[in-house]
Amino acid sequence: MKTAYIVLKSPQEQNPSHLIGRFSGRDESTAILVEDGVYQAMHMDASRRLKDAASTILVSREDLLARGFTERDLKAGKATDYGEIVESIMEHTERTITL
Amino acid sequence: MTKTLTILWRTGSMMSMDVNVAAKLARAALEKGYKVNMFGYGEGVTAVKKGQNPKRFPNIGNELEELASKGVNISLCETCYAARGFERGEEIPGVKVGSLTNNLFKFVTESDRLVTIAR
């Protein structure tokens, strides 16, 4: 089942990739990074793990900028707005799990 | 047929920015033409208190009030609300004090997607 994983926490608080791998395969997994979850896409090890766990990684641009970073700092995924995040939840995946 | 998104939030307005994320998702969904329901549970009910006046961060009370005025159905758990000493009438306009068994159940059964924002 295509699943969107909302990640709210930084790599220092949580390793979401482990849980994502348990619930669904890489091709069926979309990671949505918001709040401190955006750090998951900038940390060397965490971003590598996330790329292995999810085929699509959406990073909230608003939350990235709020923390003093830009798209250039991302090691995984792409920066996007809440509109695209909602579209991913409603149209491109079948369920949502918050980690 | 219009798709429906329900957002369940469980963290308080002064704990993190979680409820702000819930509100941003609701706003984006509304702008894209989806029907949106929101349900506050546990500490999350503190976000609907009328008269919030934070000095240095976004006012989630105003945000939720605006969303309610634009058609978002916002409801919350009465038991959680009463447990924190709130009484009916202290909530922002447009918010319904409800229950898990009636309101959240109805929201979930009529929804295409359920998003939980919690820690």
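This is a predicted model: local features need pLDDT of at least 70, side-chain atom pairs count only at pLDDT 80 or more; totals for chains, interfaces and linings use all residues.

Which pattern does chain B follow, read along the sequence? The order is β-α-β-α-β-α-β-α-β, and chain B accordingly contains 4 helices and 5 strands.

**Overall form of chain B**

- For 119 residues, a compact globule would have a radius of gyration near 14 Å; the value for chain B is 13 Å, which agrees.
- The C-alpha trace of chain B spans about 40 × 30 × 25 Å along its principal axes.
- Of the 119 residues in chain B, 50% count as buried.
- Among contacts between residues at least 6 apart in the sequence of chain B, 72% join residues at least 24 apart.

**The sheet**

- In chain B, 5 strands form an open sheet, and their order across it is β4-β3-β2-β1-β5, with parallel pairing.
- The edges of this sheet are held by β4 (95-98) and β5 (113-117) of chain B; each has a single partner strand, so one side of each is left without a neighbour in the sheet.
- From one strand to the next, the twist averages 20°.
- Strand β1 (residues 4-9) of chain B is joined by 6 bridges to strand β2 (residues 35-40) of chain B, and the two run parallel.
- Within this pairing, L8(B) stands opposite F39(B) in β2(B).

**Helix α1 of chain B**

- Helix α1 (residues 18-31) of chain B has 14 residues, which at 1.5 Å a residue should span 20 Å; its end C-alpha atoms lie 20 Å apart, which agrees.
- Is α1(B) mostly covered or uncovered? It is mostly covered, since 11 of its 14 residues are buried.
- The buried residues of α1(B) include D18(B), V19(B), N20(B) and V21(B), and A22(B), A23(B), K24(B) and L25(B) are also among them.
- Further along α1(B), A26(B), A28(B) and A29(B) are buried as well.
- What covers the buried residues of α1(B) includes an element of the other chain, α4 (82-92) of chain A, together with β1, β2, α2 (60-69) and β5 of chain B.
- After α1(B) comes G33(B), whose phi is positive, near 95°.

Notes. Residues are numbered from 1 along each chain as its sequence is written. Chains are lettered from A and ligands numbered from 1 in the order in which they are written. Two strands pair if DSSP finds at least two bridges between them. Axes are lines fitted to C-alpha atoms, for helices over the stretch in contact, and angles run from 0 to 180 degrees between N-to-C directions. The expected span of a helix is 1.5 Å times one less than its number of residues. A residue is buried if 20 or more other C-beta atoms lie within 10 Å of its own, exposed if 12 or fewer, and partly exposed in between; C-beta atoms are placed from the backbone. Two residues are in contact if their C-beta atoms, placed from the backbone, lie within 7 Å. The radius of gyration is taken over C-alpha atoms; the globule rule is 2.2 Å times the number of residues to the power 0.38.
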